[in-house]
Amino acid sequence: MQTSDLVVVGGGIVGLATAYQFTKRCPDKRVVVLEKEDRVAVHQTGHNSGVLHSGIYYKPGSLKAINCRAGKKAMETFCAEEGIAHEICGKVIVAVSDADLPALNRIYERGQANGINCALVDKARLAELEPHASGVAAIHVPEAGIVNYRQVCERLAEKVRIAGGAVVFGAKVTSVHRKPDGVTVVSSGGEFIASQLVNCAGLHSDRVARLTGQNPGAQIVPFRGEYFELKPSAYRLCRNLIYPTPDPQFPFLGVHFTRMIDGSVECGPNAVLAFGREAYSFFRLNPRDLLETLTYRGFVRMGAKHWKMGLGEMWRSLSKAAFVRALQRLVPEITADDLEPAPAGIRAQAVAPDGGLVDDFLIQEADRVVNVCNAPSPAATASLRIGETIVDRVAPRFV
């Protein structure tokens with residue numbers, strides 16, 4: 001049985017950023033991070049496309065908007081100080097037709113309200129920025145960037161250890177016992193006693209929240225995002241980041257082109273229901289997870305509202321030709337021969353009982369615990385600021 005001041009559940013970027021910020025704020029306290037896998041950043045973080053988001057999409061004043069802006073600056077500083085490769089390369093958000101212009105203008109207005117360095121550009125300027133992109137107008141966001149978040153996590157874990165903390169692998173949490181004087185966490189890697197617990201379990205955050213005795217108020221529904229990547233001969237088709245104007249009724253950004261920090265170019269993702277919280281391919285299935293999703297009234301209500309879009313996403317999952325057609329809306333020259341399969345990712349989307357998709361970060365507090373119940377994109381960009389926000393809530397408990 002190990003003792004510490006704080007236990008953080010989850011070795012993804014939000015959990016590690018929280019542990020790191022705790023070591024800075026409370027250097028005389030000890031933190032232990034519990035991760036059920038054999039290394040950090042295995043799931044959402046390790047499958048992240050590596051974009052440093054500007055915060056242009058988010059509702060002004062929301063946790064997403066506030067934490068993204070501050071978190072991006074903190075991430076850039078951290079990467080510069082730690083020698084982690086990153087680049088501020090810029091992105092374009094493209095209106096492929098006149099029908100997209102009202103939504104594009106709303107995004108631009110949000111960008112202005114959030115203090116984003118961005119500009120509306122015409123077709124000619126778009127062609128200068130991304131010669132192979134097709135659209136009638138676009139928003140140019142010069143401050144968007146790219147980074148490898150797995151490397152960030154590895155460095156965060158290292159700094160936690162240097163500060164006297166620990167990152168324990170193979171430690172899947174199976175039960176949590178809150179007591180007046182602390183919390184006992186039982187895991188496959190042993191038992192851990194601490195004064196406080198922070199749940200950053202990502203895909204399993206709602207389950208861990210329930211283990212702490214809290215109702216998260218929403219259930220995680222896993223959506224798989226499938227990708228292709230350009231063959232090197234087609235890298236010329238994308239200079240930096242090319243995004244479509246997103247559908248305001250749907251929380252996903254649509255298929256897009258992302259130049260990665262290693263020079264490769266990723267294309268995607270679509271957004272299909274995953275048949276398990278860690279089902280990274282179409283034919284993988286976790287019966288417990290799938291049954292839990294299909295019988296959840298929030299999912300049923302969400303499906304009734306978005307079924308048509310869901311069928312389209314599923315078709316793109318099964319048909320490469322359909323996926324290529326979606327990409328051709330942005331870059332008409334692309335062909336199926338330019339693409340090869342790339343690893344998929346899974347997004348932990350919190351869905352409310354009424355079928356609404358929880359759009360903002362969701363952090364719940366209770367005696368001895370803080371549960372991060374929803375941390376969708378831009379959580380990786382904002383992670384250092386999210387960690388600071390969580391520590392703002394935890395640190396006073398040690399006074």
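Ser 317 sits in helix H8, which spans residues 297-318; helices (H or I, at least four residues) and strands (E, at least two) are DSSP runs, numbered from the N terminus. The model is a predicted one, in which local features need pLDDT of at least 70 and side-chain atom pairs count only at pLDDT 80 or more, while totals for chains, interfaces and linings use all residues. Residues are numbered from 1 along each chain as its sequence is written, and side-chain values use heavy atoms, with hydrogens and water left out.

Ser 317 is buried, its relative accessible area being 19% (buried means under 20%, exposed over 50% and partly exposed in between, with a 1.4 Å probe and protein chains only). Leaving aside residues up to four places away in sequence, Ser 317 is in contact with Arg 224, Glu 226, Asn 270, Val 272 and Phe 282, where contact means heavy atoms within 4.5 Å.

Turning to the sheet, three strands form an open arrangement in the order S4-S9-S5, with antiparallel pairing (two strands pair if DSSP finds at least two bridges between them). Strands S4 (51-52) and S5 (86-88) are at the edges with a single partner strand each, so one side of each has no neighbour in the sheet. Helix H2 (residues 63-82) packs on this sheet and touches S4, S5 and S9, and its direction makes about 135° with that of S5; axes are lines fitted to C-alpha atoms, for helices over the stretch in contact, and angles run from 0 to 180 degrees between N-to-C directions. Two bridges join S4 to S9 (residues 145-147) in the antiparallel sense, and Leu 52 has Gly 145 of S9 as its bridge partner.

Helix H2 comes back at the largest cavity, to whose lining H2 and helix H10 (379-394) each give two or more residues. On a 1 Å grid over the protein atoms alone, a cavity is a set of points where a 1.4 Å probe fits but cannot get out, and a pocket is an open set with protein on both sides within 12 Å along at least five of seven lines; lining residues have an atom within 4 Å of a point. The cavity is lined by Leu 63, Asn 67, Phe 361, Ile 363, Ile 386 and Thr 389.

Finally, the second largest pocket has 19 lining residues, with Gly 46, Asn 48, Asn 148, Met 260 and Glu 266 nearest its centre. Helix H5 (149-162), strand S18 (265-268) and strand S20 (339-351) are the elements that supply two or more residues to this lining.
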